[in-house]
Amino acid sequence: MMKKKILIVDDSALMRRVLCDIINSDERFEVTDMAHDGVEGFKLICEKKYDAVVLDVYMPRMTGLELLKEMQKSNVTANVLVASTTTKEGARETLLALEYGALEFIQKPENAFDTKSDKFSSRFLTLLDVVSRARNMAAVRPAVSTKTIAAEHDIPTKPVVTRAPSRGSKIIAIASSTGGPKALQDVIPRLPVNIGVPVLLVQHMPKGFTKSLAERLDELSVLPVTEVTDGELIQAGHVYVAQGGQHMNVIAKGNSHYIRLSDEANREGVKPCANYMYESLADSRYDEIICAVLTGMGSDGTAGIKNLKSSKKTYVVAQDEASCAVYGMPKSIVTAELADDVVPIDQVANEIIKNVGVH
(Lines give C-alpha, C1' and ligand atoms only; values in the text may rest on other atoms or scores of the structure.)
Protein backbone atom coordinates (compact mmCIF):
# COMPACT_ATOMS: atom_id res chain seq x y z
CA MET A 1 0.00 0.00 0.00
CA MET A 2 1.34 3.40 -1.00
CA LYS A 3 1.68 5.78 1.89
CA LYS A 4 -0.23 9.05 1.70
CA LYS A 5 2.01 12.09 1.29
CA ILE A 6 1.66 14.76 3.97
CA LEU A 7 2.97 18.34 4.13
CA ILE A 8 3.35 20.07 7.51
CA VAL A 9 3.27 23.90 7.57
CA ASP A 10 4.15 25.23 11.03
CA ASP A 11 6.61 27.87 12.27
CA SER A 12 7.46 25.88 15.42
CA ALA A 13 10.37 23.50 14.86
CA LEU A 14 9.30 21.48 17.91
CA MET A 15 5.69 21.18 16.70
CA ARG A 16 6.86 20.17 13.22
CA ARG A 17 9.01 17.44 14.74
CA VAL A 18 6.29 16.15 17.09
CA LEU A 19 3.62 16.08 14.36
CA CYS A 20 6.07 14.47 11.95
CA ASP A 21 6.80 11.68 14.45
CA ILE A 22 3.09 11.03 15.01
CA ILE A 23 2.34 10.93 11.28
CA ASN A 24 5.31 8.72 10.39
CA SER A 25 4.43 6.30 13.19
CA ASP A 26 1.30 5.36 11.20
CA GLU A 27 1.93 3.09 8.20
CA ARG A 28 -0.76 4.88 6.18
CA PHE A 29 1.16 8.18 6.02
CA GLU A 30 4.55 9.74 5.49
CA VAL A 31 5.65 13.33 5.88
CA THR A 32 7.31 14.18 2.59
CA ASP A 33 7.88 17.89 3.22
CA MET A 34 7.83 20.49 6.01
CA ALA A 35 7.50 24.28 5.69
CA HIS A 36 8.20 26.86 8.40
CA ASP A 37 5.71 29.49 7.17
CA GLY A 38 2.91 30.10 4.69
CA VAL A 39 5.16 31.46 1.96
CA GLU A 40 7.22 28.28 1.87
CA GLY A 41 4.09 26.16 2.26
CA PHE A 42 2.31 27.83 -0.64
CA LYS A 43 5.32 27.31 -2.90
CA LEU A 44 5.40 23.59 -2.07
CA ILE A 45 1.63 23.17 -2.59
CA CYS A 46 1.97 24.79 -6.02
CA GLU A 47 4.92 22.58 -6.98
CA LYS A 48 3.89 19.19 -5.55
CA LYS A 49 0.85 17.03 -4.92
CA TYR A 50 -0.01 16.08 -1.32
CA ASP A 51 -2.78 13.87 0.02
CA ALA A 52 -3.16 16.23 2.99
CA VAL A 53 -1.64 19.43 4.39
CA VAL A 54 -1.41 20.05 8.15
CA LEU A 55 -1.57 23.83 8.52
CA ASP A 56 -0.80 26.09 11.48
CA VAL A 57 -2.83 29.32 11.77
CA TYR A 58 -0.39 31.79 13.31
CA MET A 59 2.90 32.10 11.39
CA PRO A 60 5.23 34.91 10.29
CA ARG A 61 5.35 36.23 6.70
CA MET A 62 2.13 34.43 5.70
CA THR A 63 -0.44 33.07 8.16
CA GLY A 64 -2.50 29.94 7.62
CA LEU A 65 -5.53 32.07 6.69
CA GLU A 66 -3.50 34.09 4.21
CA LEU A 67 -2.22 30.85 2.68
CA LEU A 68 -5.75 29.51 2.24
CA LYS A 69 -6.88 32.78 0.67
CA GLU A 70 -3.88 32.75 -1.67
CA MET A 71 -4.76 29.18 -2.69
CA GLN A 72 -8.33 30.23 -3.52
CA LYS A 73 -7.10 33.27 -5.44
CA SER A 74 -4.65 31.14 -7.43
CA ASN A 75 -7.12 28.27 -7.88
CA VAL A 76 -4.75 25.85 -6.14
CA THR A 77 -6.42 23.08 -4.16
CA ALA A 78 -5.24 20.81 -1.34
CA ASN A 79 -6.95 18.87 1.44
CA VAL A 80 -6.13 20.90 4.53
CA LEU A 81 -6.29 19.98 8.22
CA VAL A 82 -5.90 23.12 10.37
CA ALA A 83 -4.05 22.93 13.68
CA SER A 84 -5.82 25.50 15.87
CA THR A 85 -5.46 27.10 19.28
CA THR A 86 -8.28 26.94 21.83
CA THR A 87 -8.67 30.67 22.43
CA LYS A 88 -11.76 32.63 21.40
CA GLU A 89 -9.65 34.39 18.80
CA GLY A 90 -8.42 31.00 17.65
CA ALA A 91 -11.98 29.69 17.29
CA ARG A 92 -12.91 32.63 15.08
CA GLU A 93 -9.81 32.13 12.94
CA THR A 94 -10.57 28.42 12.68
CA LEU A 95 -14.08 29.10 11.38
CA LEU A 96 -12.64 31.42 8.77
CA ALA A 97 -10.09 28.75 7.79
CA LEU A 98 -12.94 26.29 7.20
CA GLU A 99 -14.73 28.95 5.17
CA TYR A 100 -11.61 29.50 3.07
CA GLY A 101 -11.30 25.82 2.18
CA ALA A 102 -9.83 23.84 5.09
CA LEU A 103 -11.73 20.59 5.61
CA GLU A 104 -11.21 19.93 9.32
CA PHE A 105 -9.36 21.23 12.34
CA ILE A 106 -7.77 19.93 15.50
CA GLN A 107 -7.00 21.81 18.70
CA LYS A 108 -3.29 21.91 19.45
CA PRO A 109 -2.37 21.44 23.12
CA GLU A 110 -0.84 24.54 24.69
CA ASN A 111 2.24 22.51 25.54
CA ALA A 112 3.84 20.86 22.51
CA PHE A 113 4.86 17.84 24.60
CA ASP A 114 1.15 17.16 25.35
CA THR A 115 0.80 16.59 21.61
CA LYS A 116 2.51 13.24 22.18
CA SER A 117 -0.42 11.98 24.28
CA ASP A 118 -2.34 8.97 22.96
CA LYS A 119 -5.61 10.93 23.02
CA PHE A 120 -4.28 13.70 20.78
CA SER A 121 -2.38 11.31 18.49
CA SER A 122 -5.43 9.11 17.96
CA ARG A 123 -7.73 12.05 17.19
CA PHE A 124 -5.12 13.67 14.94
CA LEU A 125 -4.55 10.51 12.88
CA THR A 126 -8.30 9.89 12.56
CA LEU A 127 -8.85 13.40 11.20
CA LEU A 128 -5.79 13.17 8.95
CA ASP A 129 -7.21 9.98 7.42
CA VAL A 130 -10.62 11.63 6.86
CA VAL A 131 -9.07 14.76 5.32
CA SER A 132 -6.70 12.78 3.08
CA ARG A 133 -9.66 10.85 1.63
CA ALA A 134 -12.11 13.75 1.42
CA ARG A 135 -13.37 15.45 -1.70
CA ASN A 136 -11.83 18.91 -1.78
CA MET A 137 -14.59 21.53 -1.91
CA ALA A 138 -12.32 24.60 -1.94
CA ALA A 139 -13.50 25.58 -5.42
CA VAL A 140 -17.13 25.85 -4.26
CA ARG A 141 -18.49 29.41 -4.34
CA PRO A 142 -18.03 31.64 -1.27
CA ALA A 143 -20.53 31.95 1.57
CA VAL A 144 -23.99 33.15 0.68
CA SER A 145 -24.68 36.51 2.29
CA THR A 146 -27.75 37.90 3.98
CA LYS A 147 -28.08 40.55 1.27
CA THR A 148 -28.11 37.88 -1.43
CA ILE A 149 -30.81 35.91 0.35
CA ALA A 150 -32.95 38.97 1.01
CA ALA A 151 -32.76 39.85 -2.68
CA GLU A 152 -33.60 36.29 -3.76
CA HIS A 153 -36.68 36.06 -1.54
CA ASP A 154 -37.72 39.74 -1.64
CA ILE A 155 -38.05 39.71 2.14
CA PRO A 156 -37.05 42.10 4.92
CA THR A 157 -33.65 41.53 6.47
CA LYS A 158 -34.82 42.04 10.05
CA PRO A 159 -36.08 38.88 11.78
CA VAL A 160 -39.59 38.90 13.20
CA VAL A 161 -40.29 37.85 16.77
CA THR A 162 -42.75 34.98 16.90
CA ARG A 163 -44.35 33.01 19.71
CA ALA A 164 -43.10 29.63 20.79
CA PRO A 165 -44.65 26.81 18.73
CA SER A 166 -47.77 25.14 20.05
CA ARG A 167 -49.13 21.63 19.58
CA GLY A 168 -49.52 20.70 15.93
CA SER A 169 -46.40 22.54 14.75
CA LYS A 170 -43.25 21.73 12.78
CA ILE A 171 -39.53 21.94 13.50
CA ILE A 172 -36.37 21.69 11.38
CA ALA A 173 -33.47 19.54 12.67
CA ILE A 174 -30.10 19.57 10.88
CA ALA A 175 -27.01 17.37 11.42
CA SER A 176 -23.53 17.91 9.96
CA SER A 177 -19.88 17.08 10.58
CA THR A 178 -16.72 17.28 8.42
CA GLY A 179 -17.28 19.96 5.79
CA GLY A 180 -20.36 21.10 7.70
CA PRO A 181 -19.41 24.69 8.61
CA LYS A 182 -18.99 25.53 4.91
CA ALA A 183 -22.07 23.52 3.85
CA LEU A 184 -24.21 25.23 6.50
CA GLN A 185 -23.41 28.57 4.90
CA ASP A 186 -25.31 27.30 1.87
CA VAL A 187 -28.33 26.28 3.94
CA ILE A 188 -28.99 28.52 6.96
CA PRO A 189 -28.69 31.89 5.12
CA ARG A 190 -31.15 30.60 2.51
CA LEU A 191 -33.91 30.11 5.09
CA PRO A 192 -36.31 33.09 4.83
CA VAL A 193 -37.31 35.33 7.71
CA ASN A 194 -40.91 34.08 7.46
CA ILE A 195 -39.90 30.42 7.89
CA GLY A 196 -42.23 30.30 10.91
CA VAL A 197 -40.63 27.32 12.67
CA PRO A 198 -37.56 26.73 14.89
CA VAL A 199 -34.33 25.27 13.53
CA LEU A 200 -32.10 22.96 15.58
CA LEU A 201 -28.55 22.32 14.43
CA VAL A 202 -25.99 19.75 15.58
CA GLN A 203 -22.53 20.31 14.08
CA HIS A 204 -19.76 18.06 15.42
CA MET A 205 -17.37 20.51 17.07
CA PRO A 206 -15.60 20.76 20.41
CA LYS A 207 -16.48 23.22 23.14
CA GLY A 208 -15.58 26.80 22.35
CA PHE A 209 -16.00 26.53 18.59
CA THR A 210 -19.78 26.22 18.26
CA LYS A 211 -20.29 29.76 19.60
CA SER A 212 -18.07 31.11 16.83
CA LEU A 213 -19.96 28.98 14.29
CA ALA A 214 -23.27 30.42 15.50
CA GLU A 215 -21.91 33.98 15.34
CA ARG A 216 -20.64 33.49 11.79
CA LEU A 217 -23.94 31.99 10.57
CA ASP A 218 -25.80 34.82 12.33
CA GLU A 219 -23.76 37.37 10.36
CA LEU A 220 -24.76 35.71 7.09
CA SER A 221 -28.43 34.97 7.84
CA VAL A 222 -31.71 36.84 8.11
CA LEU A 223 -32.74 34.48 10.93
CA PRO A 224 -31.10 34.94 14.35
CA VAL A 225 -28.55 32.16 15.00
CA THR A 226 -27.26 31.51 18.53
CA GLU A 227 -25.50 28.81 20.49
CA VAL A 228 -28.05 27.19 22.79
CA THR A 229 -28.21 27.56 26.55
CA ASP A 230 -29.65 25.00 28.96
CA GLY A 231 -33.35 25.52 29.66
CA GLU A 232 -33.83 27.90 26.73
CA LEU A 233 -37.34 28.32 25.31
CA ILE A 234 -37.52 27.16 21.68
CA GLN A 235 -39.08 29.84 19.48
CA ALA A 236 -40.09 29.89 15.83
CA GLY A 237 -37.88 31.79 13.41
CA HIS A 238 -34.71 31.11 15.40
CA VAL A 239 -31.72 28.83 14.71
CA TYR A 240 -30.27 27.01 17.74
CA VAL A 241 -26.72 25.61 17.46
CA ALA A 242 -25.88 22.77 19.86
CA GLN A 243 -23.00 23.47 22.26
CA GLY A 244 -19.75 21.64 21.69
CA GLY A 245 -19.18 19.12 24.49
CA GLN A 246 -22.90 18.82 25.35
CA HIS A 247 -25.73 16.75 23.89
CA MET A 248 -28.84 18.73 22.92
CA ASN A 249 -32.30 17.41 23.79
CA VAL A 250 -35.79 18.85 23.35
CA ILE A 251 -38.26 18.62 26.22
CA ALA A 252 -41.95 19.56 26.22
CA LYS A 253 -43.61 21.50 29.04
CA GLY A 254 -47.23 22.42 28.50
CA ASN A 255 -47.54 23.75 24.96
CA SER A 256 -43.92 24.91 24.85
CA HIS A 257 -40.60 23.21 24.18
CA TYR A 258 -37.25 23.82 25.83
CA ILE A 259 -33.59 22.91 25.27
CA ARG A 260 -31.98 20.54 27.74
CA LEU A 261 -28.24 20.03 27.62
CA SER A 262 -26.83 16.76 28.93
CA ASP A 263 -23.35 15.46 29.61
CA GLU A 264 -23.64 11.76 28.77
CA ALA A 265 -20.64 10.05 27.22
CA ASN A 266 -19.72 10.55 23.58
CA ARG A 267 -21.99 8.68 21.20
CA GLU A 268 -20.96 7.84 17.63
CA GLY A 269 -17.62 9.15 18.93
CA VAL A 270 -18.98 12.70 19.20
CA LYS A 271 -20.55 15.20 21.58
CA PRO A 272 -22.92 16.75 20.59
CA CYS A 273 -24.51 13.76 18.85
CA ALA A 274 -27.43 14.34 16.47
CA ASN A 275 -29.05 11.04 17.47
CA TYR A 276 -29.87 12.54 20.89
CA MET A 277 -31.60 15.48 19.24
CA TYR A 278 -33.63 13.31 16.87
CA GLU A 279 -34.61 10.83 19.58
CA SER A 280 -35.76 13.59 21.92
CA LEU A 281 -37.94 14.99 19.12
CA ALA A 282 -39.77 11.65 19.00
CA ASP A 283 -41.14 12.47 22.48
CA SER A 284 -41.95 16.09 21.63
CA ARG A 285 -45.32 17.64 20.75
CA TYR A 286 -44.16 18.62 17.27
CA ASP A 287 -46.35 16.93 14.67
CA GLU A 288 -43.87 17.14 11.80
CA ILE A 289 -40.07 17.05 11.78
CA ILE A 290 -38.08 18.22 8.75
CA CYS A 291 -34.60 16.67 8.94
CA ALA A 292 -31.51 17.54 6.91
CA VAL A 293 -28.36 15.41 7.06
CA LEU A 294 -25.30 17.06 5.56
CA THR A 295 -21.66 16.19 4.86
CA GLY A 296 -19.72 14.34 7.54
CA MET A 297 -17.93 11.16 8.50
CA GLY A 298 -19.68 8.33 10.31
CA SER A 299 -23.38 7.61 10.60
CA ASP A 300 -24.65 10.02 13.26
CA GLY A 301 -28.32 10.82 12.69
CA THR A 302 -29.33 7.49 11.18
CA ALA A 303 -30.44 5.74 14.38
CA GLY A 304 -32.24 8.83 15.66
CA ILE A 305 -34.10 9.47 12.40
CA LYS A 306 -35.06 5.82 12.05
CA ASN A 307 -36.63 6.02 15.52
CA LEU A 308 -38.24 9.36 14.68
CA LYS A 309 -39.86 8.04 11.48
CA SER A 310 -41.58 5.30 13.46
CA SER A 311 -43.44 7.82 15.64
CA LYS A 312 -43.72 11.15 13.78
CA LYS A 313 -44.44 12.50 10.33
CA THR A 314 -40.85 13.00 9.24
CA TYR A 315 -39.34 14.33 6.03
CA VAL A 316 -35.62 13.71 5.45
CA VAL A 317 -33.37 15.43 2.92
CA ALA A 318 -29.80 14.18 2.51
CA GLN A 319 -26.96 16.07 0.83
CA ASP A 320 -25.81 14.33 -2.35
CA GLU A 321 -22.40 12.70 -2.70
CA ALA A 322 -21.06 15.12 -5.32
CA SER A 323 -21.42 18.17 -3.05
CA CYS A 324 -20.21 16.45 0.16
CA ALA A 325 -16.68 16.84 1.46
CA VAL A 326 -17.21 13.47 3.19
CA TYR A 327 -20.11 11.29 2.09
CA GLY A 328 -20.58 9.43 5.37
CA MET A 329 -23.61 10.65 7.33
CA PRO A 330 -25.81 11.27 4.27
CA LYS A 331 -24.73 7.95 2.73
CA SER A 332 -25.78 6.15 5.91
CA ILE A 333 -29.23 7.80 5.67
CA VAL A 334 -29.57 6.83 2.00
CA THR A 335 -28.36 3.26 2.59
CA ALA A 336 -30.90 2.85 5.40
CA GLU A 337 -33.60 4.03 2.94
CA LEU A 338 -34.56 6.93 5.23
CA ALA A 339 -34.01 9.76 2.72
CA ASP A 340 -37.07 11.26 1.04
CA ASP A 341 -34.86 13.41 -1.19
CA VAL A 342 -31.15 13.53 -2.04
CA VAL A 343 -30.05 16.90 -3.42
CA PRO A 344 -26.94 19.10 -3.88
CA ILE A 345 -26.12 21.38 -0.97
CA ASP A 346 -27.45 24.50 -2.69
CA GLN A 347 -30.89 22.86 -3.00
CA VAL A 348 -31.20 21.63 0.60
CA ALA A 349 -32.76 24.87 1.87
CA ASN A 350 -35.35 24.85 -0.92
CA GLU A 351 -36.42 21.31 0.01
CA ILE A 352 -36.72 22.34 3.66
CA ILE A 353 -38.76 25.44 2.76
CA LYS A 354 -41.13 23.42 0.56
CA ASN A 355 -41.80 20.93 3.35
CA VAL A 356 -42.28 23.62 5.97
CA GLY A 357 -44.92 25.10 3.68
CA VAL A 358 -43.58 28.65 3.38
CA HIS A 359 -44.99 30.50 0.38
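Strand E3 (residues 52-56) and strand E4 (residues 80-84) run parallel and are joined by 4 bridges. Helices (H or I, at least four residues) and strands (E, at least two) are DSSP runs, numbered from the N terminus. Across this pair, Leu55 stands opposite Val82 in E4. The model is predicted: local features need pLDDT of at least 70, side-chain atom pairs count only at pLDDT 80 or more, and totals for chains, interfaces and linings use all residues. Residues are numbered from 1 along each chain as its sequence is written, and side-chain values use heavy atoms, with hydrogens and water left out.

E3 and E4 belong to an open sheet of 5 strands, in the order E2-E1-E3-E4-E5, with parallel pairing; two strands pair if DSSP finds at least two bridges between them. Strand E2 (29-35) and strand E5 (104-107) each have a single partner strand, so one side of each is left without a neighbour in the sheet.

Helices accompany this sheet. Helix H2 (residues 38-47) packs on the sheet and touches strand E1 (4-9), E2 and E3, where contact means heavy atoms within 4.5 Å. The direction of H2 makes about 125 degrees with that of E2; axes are lines fitted to C-alpha atoms, for helices over the stretch in contact, and angles run from 0 to 180 degrees between N-to-C directions. Helix H3 (residues 64-73) lies across E3 and E4, at about 140 degrees to E3.

Thr295 counts as buried because its relative accessibility is 1%, buried meaning under 20% relative accessible area, exposed over 50% and partly exposed in between (1.4 Å probe, protein chains only).
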